[in-house]
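I opened a notebook page for this chain. The entries below follow the order in which I looked things up.

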Amino acid sequence: MSTLDERLAQRTSLGTWTFDNRFSYRAGLGRIYGYDGSSEPPTDPGGATDPSFNNVSLLLHGDGANGSTTIVDSSPSPKTVTAFGNAQISTAQSKFGGASIVFDGNGDLVQTTSTDFNFSTDNFTLEGWFYYLGSSILYPAIIANNPGGYTTGAAVLHIDHASYPDKLSFWAFDYSNSAPIGVTTTTIVYDQWNHFAVVRSGTALRLAYNGQIEATTTISASLQFNFNLPSLRIGGGTWNGANGDFPGYLDDLRITKGIARYTTNFTPPTAPFPDI
Ligand SMILES: [Ca+2]
């Protein structure tokens with residue numbers, strides 16, 4: 001039997017290990033449970049497992065050393081995530097884990113590709129935390145695809161400073177070339193962590209700000225979303241160019257394919273999204 005330290009050093013992104021039937025360590029939860037040899041702890045101290053974890057397409061905890069450009073995807077099928085510009089890990093702000101991803105609002109973005117981001121007509125949930133510094137940038141993008149223009153297949157969640165000042169708005173060209181699918185109602189508070197969620201549940205598309213569903217729009221059952229067109233972009237640099245650059249921090253971003261996680265108001269997570 002190896003020592004606890006040795007086993008922890010072998011930690012990977014998934015799994016549960018037991019030690020002499022006296023402790024278990026659940027990776028991702030970062031907790032050690034003591035118990036009497038049964039296969040499960042007597043209680044679930046964290047309660048922090050995700051029954052839909054296998055549907056998670058992307059999970060960015062934004063953790064690491066200050067200045068690192070290594071962006072780790074903790075989803076079950078980890079994607080290669082590339083930082084462009086000055087996008088990097090920052091310990092200056094963090095919702096969870098002591099660090100987040102910082103974007104300076106000038107050409108920064110994070111990009112990845114996978115067919116896991118092509119939802120077609122399935123349900124999906126885009127969610128996470130943003131710390132917006134405020135700016136005069138017209139359309140700071142949080143999550144978008146990148147078809148090269150606002151054209152067939154284009155989709156984006158951004159902060160709007162044109163028609164909907166300091167609101168979240170979600171757009172898809174195939175829904176409309178001139179109107180968002182949804183716009184939140186609460187003015188975004190700068191310089192603090194706010195939770196966002198975009199949820200498709202069949203023909204309902206909902207936007208939530210800090211757990212309050214502020215927009216519900218009926219969409220066609222045949223409306224398709226492909227955030228892998230041809231890549232997924234986070235934090236800016238969509239077809240809007242510099243107008244799409246997000247200035248601030250993003251933390252604990254999660255994309256779930258096939259699952260509508262929120263269909264009513266909810267309490268935003270009080271802990272990092274589980275890795276298991
Ligand atoms: Ca973090």
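**Entry 1: Ser120**

Does Ser120 count as buried or exposed? I counted its C-beta neighbours inside 10 Å and got 12, so Ser120 counts as exposed. The cut-off for exposed is 12 or fewer, so this count just qualifies. I placed Ser120 in strand 9, residues 118–120. Its phi is near 50°, a positive value in a residue other than glycine.

**Entry 2: the model as a whole**

I noted that this is a predicted model. The average pLDDT of the chain is 87. I found that 83% of the residues score at least 70. Residues 1–47 are another matter: pLDDT stays under 50 there. The model still has 51 contacts beyond four places in sequence for that stretch. Where pLDDT is low, the predicted coordinates should not be read in detail. I left that stretch alone.

I then took the totals. The chain holds 1 helix and 20 strands. Of its 276 residues, 42% are buried. For contacts between residues at least 6 apart in sequence, I read that 62% join residues at least 24 apart.

Inside the order I picked one pair to check. Strand 11 (residues 141–145) pairs with strand 19 (residues 232–234) in the antiparallel sense, over 3 bridges. Ile143 stands opposite Ile234 of strand 19.

Next I went to strand 7, residues 100–104. I found it mostly covered, with 4 of its 5 residues buried.

Gln88 stands opposite Val102. Tyr249 in strand 20 stands opposite Val102 as well.

**Entry 3: Asp108**

Where does Asp108 sit? I found Asp108 in the loop between strand 7 and strand 8 (109–112). Why does Asp108 count as buried? It has 22 other C-beta atoms within 10 Å, and the threshold for buried is 20 or more.

I listed what Asp108 touches, leaving out residues up to four places away in sequence. The list is Phe84, Gly85, Asn86, Ala87, Phe103, Gly235, Gly236 and Asp245. I also took a distance to Gln88, the residue opposite Val102. Asp108 and Gln88 are 20 residues apart in sequence and 8.9 Å apart in space, C-alpha to C-alpha.

**Entry 4: the nonpolar core**

I looked up the largest nonpolar core and counted 60 residues in it. Which residues have the most contacts inside it? They are Ile101, Val110, Ile142, Ala155, Leu157 and Leu250. Strand 10 (residues 124–132) gives the most to this core, with 6 residues.

Beyond its neighbours within four places in sequence, Val110 is in contact with Ile71, Val81, Ala83, Ala87, Ile101, Ile234 and Gly235.

**Entry 5: Thr218**

I turned to strand 17 (residues 212–218), which holds Thr218. Thr218 has 10 C-beta neighbours inside 10 Å, so it counts as exposed. Apart from residues up to four places away in sequence, Thr218 touches Thr203 and Ala204. Arg200 is 18 residues from Thr218 in sequence and 9.8 Å from it in space, C-alpha to C-alpha.

I checked Asn210, in the loop between strand 16 (204–209) and strand 17. Asn210 is not a glycine, yet its phi is positive, about 50°. With 20 C-beta neighbours inside 10 Å, Asn210 counts as buried.

What kind of peptide bond joins Leu229 and Pro230? I found a cis bond, with omega about -15°. Pro230 lies in the loop between strand 18 (225–226) and strand 19.

Key
Residues numbered from 1 in each chain as written. Predicted model: local features only at pLDDT ≥ 70, side-chain atom pairs only at ≥ 80, totals over all residues. Pairing = 2+ DSSP bridges. Helix = DSSP H or I, 4+ residues; strand = E, 2+ residues; numbered from the N terminus. Contact = placed C-beta atoms within 7 Å. Core = buried A, V, L, I, M, F, W, Y, C linked by C-beta atoms within 7 Å. pLDDT = per-residue confidence, 0-100.
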